[in-house]
Amino acid sequence: MKLGRLNHVGVATPSIEESIRYYRDVMGATSFHKPFDLEAQGVKVCFVDTPGENDTHGTQIELIEPLGPDSPIAKFLENNPSGGQHHLCYEVEDIEEARSWFEGMGKRILGPTRIGAHGTPIFFLHPKDMMGQLTEIMETPKGDSHWSN
């Protein structure tokens, strides 16, 4: 298995609207995608683009707001009321190969492989097995779907 690029940093937030203001007014971000509900995961999502170099895309910021009290993000926000870094997401060429790779090393995978916010297959790895970081692995989007949301 070969690790791909850092696709995004997931940031839990109690309010996507407030977070957009922060990234615009404090951090100088200028490119925001339209927020959308990802009901299967119980969250509202909004991507913030960062610039890349030499006509490449930068790593995105994925703002994640709970859709309700049963959302996995709601528990995170109970412990971190202001929000904060939730996970790191890395791309891989083949999601099944990556899943087998991590399983073969005894890494705990949290739930089944499912479709993520970019419309590609994803899975999460337990933070205790990943240097304390919740880690998302996603199959590299094909074409320009990386920026379609």
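User: Is C89 buried or exposed?

Analyst: This is a predicted model, in which local features need pLDDT of at least 70 and side-chain atom pairs count only at pLDDT 80 or more, while totals for chains, interfaces and linings use all residues. Residues are numbered from 1 along each chain as its sequence is written, and side-chain values use heavy atoms, with hydrogens and water left out. Buried means under 20% relative accessible area, exposed over 50% and partly exposed in between (1.4 Å probe, protein chains only). C89 has a relative accessible area of 0%, so C89 is buried.

User: How many disulfides are there?

Analyst: A disulfide is a pair of cysteine sulfur atoms within 2.5 Å. The sulfur of C46 has its closest cysteine sulfur in C89, 16 Å away, which is too far for a bond. C89 is likewise in no disulfide, with the sulfur of C46 as the nearest one. The count of disulfides is zero.

User: What is the strand order in the open sheet?

Analyst: Strands (E, at least two residues) and helices (H or I, at least four) are DSSP runs numbered from the N terminus, and two strands pair if DSSP finds at least two bridges between them. The open sheet has eight strands with mixed pairing. Their order is β2-β3-β4-β1-β5-β8-β7-β6.

User: Why is one side of β2 and of β6 left without a neighbour in the sheet?

Analyst: β2 covers 36-38 and β6 covers 109-115. One side of each has no neighbour because both stand at the edges, each with a single partner strand.

User: How many bridges join β6 to β7, and in which sense do they pair?

Analyst: Strand β7 spans residues 121-125. Within this pair, R114 stands opposite I122 in β7. The two strands are joined by four bridges, and the sense is antiparallel.

User: What are the angle and the geometry of the Y22 and Y23 pair?

Analyst: Rings of Phe, Tyr and Trp (its six-membered ring) pair if their centres lie within 6.5 Å; planes under 30 degrees apart count as stacked, over 60 as edge-to-face and the rest as tilted. The structure holds two aromatic pairs. In the pair of Y22 and Y23 the ring centres are 5.0 Å apart and the planes are at 85°, so the geometry is edge-to-face.

User: How far apart in sequence are the parts tied together by F102 and F123?

Analyst: These two rings have centres 6.3 Å apart and planes at 75°, so they too form an edge-to-face pair. F102 and F123 are both buried. F102 belongs to helix α3 (residues 95-104) and F123 to strand β7, so the parts tied together are separated in sequence by 21 residues.

User: Which residue has its charged end over the ring of F123?

Analyst: A charge sits over a ring if NZ of Lys or CZ of Arg is within 6 Å of the ring centre and within 35 degrees of the ring normal. Here the charged end lies 5.6 Å from the centre of the F123 ring, and it belongs to R99.

User: Which residues does M130 touch, not counting residues up to four places away in sequence?

Analyst: M130 is found in the loop between β7 and β8 (135-139). M130 counts as buried, with 18% relative accessibility. Contact means heavy atoms within 4.5 Å. Leaving out residues up to four places away in sequence, M130 touches F102, K107, L125 and T135.
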